[in-house]
Amino acid sequence: MTGRFGRPNPAPGRGMVRHRRLRLPGLGRMLISHRALRSPRTAGADSAPGAALHTPRRAPPWIIFSPGALTRPGDYPQLLAALTAAGAAVLTLDYHWPRLFAGDAAELGKPMRTVRRLRSGRLPARGLARNSLPPPPRSRGGAKVPPIRILGYSLGGWALAAGFDAPTHGRSLEIALLGASTLREPWQPPNRRRQRVRLLAGTEDGVIDSAALSRLAQAFATEIEWLDGVNHFGLLNDAVGAPDFRARDRTTRLSRRRCAERVARRLLSARKRRPAA
């Protein structure tokens with residue numbers, strides 16, 4: 001593991017986080033983070049939260065992470081550590097931000113193209129196994145955790161609306177928006193039978209517009225899933241983020257690790273549904 005992550009730090013009973021940087025045609029730069037699949041011998045030894053999601057000899061659920069504005073994969077070490085500790089493999093997109101801000105269709109389409117290529121086993125082109133990466137996600141009957149989902153944080157969630165009308169080829173996809181109360185216009189709610197949207201927000205998030213978030217919840221026919229004590233920038237180092245936006249955020253008593261763990265625990269739990277009227 002190189003770059004801004006430095007040397008890997010093992011977590012007790014969970015193994016090291018492995019990071020693999022790739023540059024792929026049509027997708028650009030990305031980072032894939034995961035932990036080794038547990039063997040049958042060690043499967044019962046891990047009592048960490050989320051450990052039950054990572055069962056022996058089973059491919060982990062995959063998360064495609066669409067990060068916040070002007071950030072890079074290396075800005076989220078605690079979040080990637082928490083998600084992989086809970087049993088997920090995480091593919092973090094590395095946007096070309098000037099192109100995304102300009103509305104470049106290729107840049108906005110990266111999340112859904114990544115979903116298609118991951119499902120088809122064409123990511124990376126030589127295959128996951130040859131790059132010492134976890135196997136591609138497989139749908140399993142009765143599984144509580146979807147095999148693949150997208151997590152969009154802040155502006156990375158705002159940009160996901162560009163893929164709401166993408167064809168799903170009969171396969172379901174879960175999209176989670178974290179700290180995002182607006183979406184890129186114009187947008188239409190996705191077909192809820194195929195693309196399910198969850199709204200995650202910190203109780204101390206001072207950046208989001210609560211009224212706009214409530215309107216999104218109504219549009220998606222879902223509930224807002226509040227993360228106690230989490231604020232907007234709690235996942236990021238103090239030097240990351242525009243000062244004017246940081247000034248709007250509220251102080252949290254939680255460390256970056258704690259914020260990340262609460263996000264991971266909620267994201268990998270069963271989807272919260274709105275009660276029938």
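A nonpolar core, as used in these legends, is a set of buried Ala, Val, Leu, Ile, Met, Phe, Trp, Tyr and Cys residues joined through side-chain atoms within 4.5 Å. Keep in mind while looking at the close-ups that this is a predicted model.

**View 1. The overall fold, before zooming in.** The protein has eight helices and eight strands. Of its 277 residues, 51% are buried. Take the contacts between residues with a separation of 6 or more: 68% of them join residues 24 or more positions apart.

**View 2. The largest nonpolar core and a second one.** The largest nonpolar core has 42 residues, and the members that touch the most others are W62, F164, L177, L183, L199 and F220. Helix 6, residues 210-220, gives this core its largest share, namely four residues. There is also a second, separate core, this one of 30 residues, with L151, L227, F233 and L236 among them.

View 3. I32 sits in strand 2, which runs over residues 28-34. With a relative accessibility of 0%, I32 counts as buried. Who surrounds it? Setting aside neighbours within four places in sequence, I32 is in contact with R18, H19, R20, L22, W62, V90, L91, L123 and L133. W62 in that list also turns up among the residues of the largest nonpolar core that touch the most other members. For a sense of how the chain folds back here, look for L80: L80 is 48 residues from I32 along the chain, yet their C-alpha atoms are separated by 9.5 Å.

**View 4. Q195 in strand 7.** Q195 belongs to strand 7. Is Q195 buried or exposed? At 2% relative accessibility, Q195 counts as buried. Leaving out neighbours within four places in sequence, Q195 has contacts with M112, G163, F164, A166, T168, L173, I175 and P190. F164, one of these partners, is also one of the residues that touch the most other members of the largest core.

View 5. D205 is buried but has no salt bridge, and the nearest side chain of opposite charge, R250, is 6.4 Å away. Why does R250 not count as a salt-bridge partner of D205? A salt bridge needs a side-chain nitrogen of Lys or Arg within 4 Å of a carboxyl oxygen of Asp or Glu, and R250 is 6.4 Å away. What D205 does have is a polar side-chain atom 3.2 Å from the backbone nitrogen of I208. Beyond neighbours within four places in sequence, D205 is in contact with G179, V230, N231, H232, D249 and R250. As for D209, a relative accessibility of 38% makes this residue partly exposed. The D209 side chain reaches the backbone nitrogen of A212 at 3.1 Å. A180 and D209 are 29 residues apart in sequence, with 8.5 Å between their C-alpha atoms.

**View 6. The salt bridge between R72 and D94.** The structure holds twelve salt bridges, and this view picks out the one that R72 forms with D94, whose closest N and O atoms are 2.7 Å apart. R72 lies in the loop between strand 3 (62-66) and helix 1 (77-85), and D94 in the loop between strand 4 (89-93) and helix 2 (97-101), so the pair ties together parts that are 22 residues apart in sequence. R72 is partly exposed, at 31% relative accessible area, whereas D94 is buried, at 6%.

**View 7. The salt bridge between R198 and E225.** R198 and E225 form a salt bridge, with 2.8 Å between the closest N and O atoms. The pair links distant parts of the chain, since R198 is in strand 7 and E225 in strand 8 (residues 224-227), 27 residues apart. Both R198 and E225 are buried.

View 8. E261 forms a salt bridge with R257, the closest N and O atoms being 3.1 Å apart. Both residues lie in helix 8 (residues 256-267), four residues apart, or about one turn of the helix. E261 counts as buried at 18% relative accessibility, while R257 is exposed, at 52%. Elsewhere, salt bridges that share partners join R149, E174, R198, E225 and R266 into one network.

Note on methods:
Residues numbered from 1 in each chain as written. Predicted model: local features only at pLDDT ≥ 70, side-chain atom pairs only at ≥ 80, totals over all residues. Heavy atoms only, no water. Buried < 20%, exposed > 50% of the residue type's maximum accessible area, 1.4 Å probe, protein only. Helix = DSSP H or I, 4+ residues; strand = E, 2+ residues; numbered from the N terminus. Contact = heavy atoms within 4.5 Å. Polar contact = N/O pair within 3.5 Å; in protein donor to acceptor, adjacent residues only side chain to side chain. Lys, Arg positive; Asp, Glu negative; His and termini not counted.
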